[in-house]
Amino acid sequence: MDFLKTIEPHLRSEDPLILETVLHALADYPNVPEEWTYELLKLAFQNEEHLASILIYIENQRLNEDAVKLLINEIPLMNQSLHLAVNLVERIEPKLALKYKDQLKSYITEELWSLYEFIVHGTEEEVYGEYGETVAILDTAETFDHSRYLKAKKLAACIVEKGWVTDQEINLEMQDELAEDWFSFNGILTVYMIGLMKLERYIPTLASLLDRDDDILLEEVSAALISFQNDEVVKVVTPYLLNENSVIYASSVMENIKTEAAVDALRRAYYETEDSEDQALLIEALCHQLSPTVTAEISDHMDKEETSSLVDLEQKTYSYYSILGLHHPRLEEWRQIAMTIEENPNLLSSQPELVTSEPYRNSNKIGRNDPCPCGSGKKYKKCCGK
């Protein structure tokens, strides 16, 4: 099974439902080619209907030099979603951003430019000092500061890239954190470092955190586990698919491990769970795997006519069959329902009479996988959309 090969022909799909599913499926996958991100960015600026969605869903992907040049050319012409484009600018690698400082200076704060200079030219002692101060502020703040957290992540990435942290130091920090009821921000960022360093021996430890009640920690745990892309992750995460407290993050991890073992684990979990919402999450994960071996599970689930507050099931199944080029007698029905729900997400998908003959789209809709509008930095379905 080759996930990227399957999805590539649909990267610039003119079908909005398929394109959104493609964006969802790629959003947290760590091996998206840089040239794909550039192509999606081009598509965003060529078609304003898709602009906001694409800018949101590529934020975790690496921007190459061509993508940076495209942003430089297009941002001055934007009349909507400018804040999303600026968000991408702020995620450009420091060295690359500094190369184009003259063209980007009006979109990045002086504080952030100073940080970039510091990351590129700072000594180990200086960077660690700034990192420690930033983490201390995060730990003592009354509310979560997303911008400061991103600053801490940039400093942590610098520490890893320059080889200033050892496996032994990671181990000592994890031992201290695991002894506490709650992870500190230094502990959460240590998890982030584990993913960057590909320290596979921590895979079981990371999986054991999936039932914790800390979404910031869980986002980093999930990203780290996904980064390994191996069946050891599948093995240790599988039990958490059957736990109502961990299924959201566990299914997110499993849908982004593109192996047959992951598909089999999701299928087994689907049959073993009785909760309809959990089943919907597992069906979403199976759809995003784009494996032709799970058509029976997907079709059977849709025949149950159940609704979900977490997943737009009609969109997922319509896109799954369409991307794989498979026929289903309800394909057009699912498309009609999905297009209507795009306009009004509160409509129940089990009410086909609500489907209009001329479906239309609402570009202001909050998708289940979109950043939560509350500003937490988490996905909507993992925050206010729960």
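The legends below describe close-up views of a predicted model. Residues are numbered from 1 along each chain as its sequence is written, and side-chain values use heavy atoms, with hydrogens and water left out. Local features need pLDDT of at least 70 and side-chain atom pairs count only at pLDDT 80 or more, while totals for chains, interfaces and linings use all residues.

**Figure 1. Overall composition of the protein.** The secondary structure consists of 22 helices and 0 strands; helices (H or I, at least four residues) and strands (E, at least two) are DSSP runs, numbered from the N terminus. Of the 386 residues, 55% are buried, meaning under 20% relative accessible area with a 1.4 Å probe, protein chains only. Among contacts (heavy atoms within 4.5 Å) between residues at least 6 apart in sequence, 65% join residues at least 24 apart.

**Figure 2. Helix α17 and V237.** In helix α17 (residues 247-255), 9 of 9 residues are buried. Elements that cover them include α15 (215-228), α16 (231-237), α18 (260-272) and α19 (276-289). Leaving aside neighbours within four places in sequence, V237 is in contact with A207, L210, L225, A250, V253 and M254; A250, V253 and M254 are among the buried residues of α17. V237 is also one of the residues that touch the most other members of the largest nonpolar core, which has 131 residues. Such a core is a set of buried Ala, Val, Leu, Ile, Met, Phe, Trp, Tyr and Cys residues joined through side-chain atoms within 4.5 Å.

**Figure 3. Aromatic pairs and the ring of F3.** The whole structure holds 8 aromatic pairs, defined for rings of Phe, Tyr and Trp (its six-membered ring) with centres within 6.5 Å; planes under 30 degrees apart count as stacked, over 60 as edge-to-face and the rest as tilted. F3 and Y29 pair edge-to-face, at 5.1 Å centre to centre and 70 degrees between the planes. F3 belongs to helix α1 (residues 3-7) and Y29 to the loop between α2 (16-27) and α3, 26 residues apart. Both F3 and Y29 are buried. The charged end of K258 sits over the ring of F3, 4.0 Å from its centre; this requires NZ of Lys or CZ of Arg within 6 Å of the ring centre and within 35 degrees of the ring normal.

Methods: Buried < 20%, exposed > 50% of the residue type's maximum accessible area, 1.4 Å probe, protein only.
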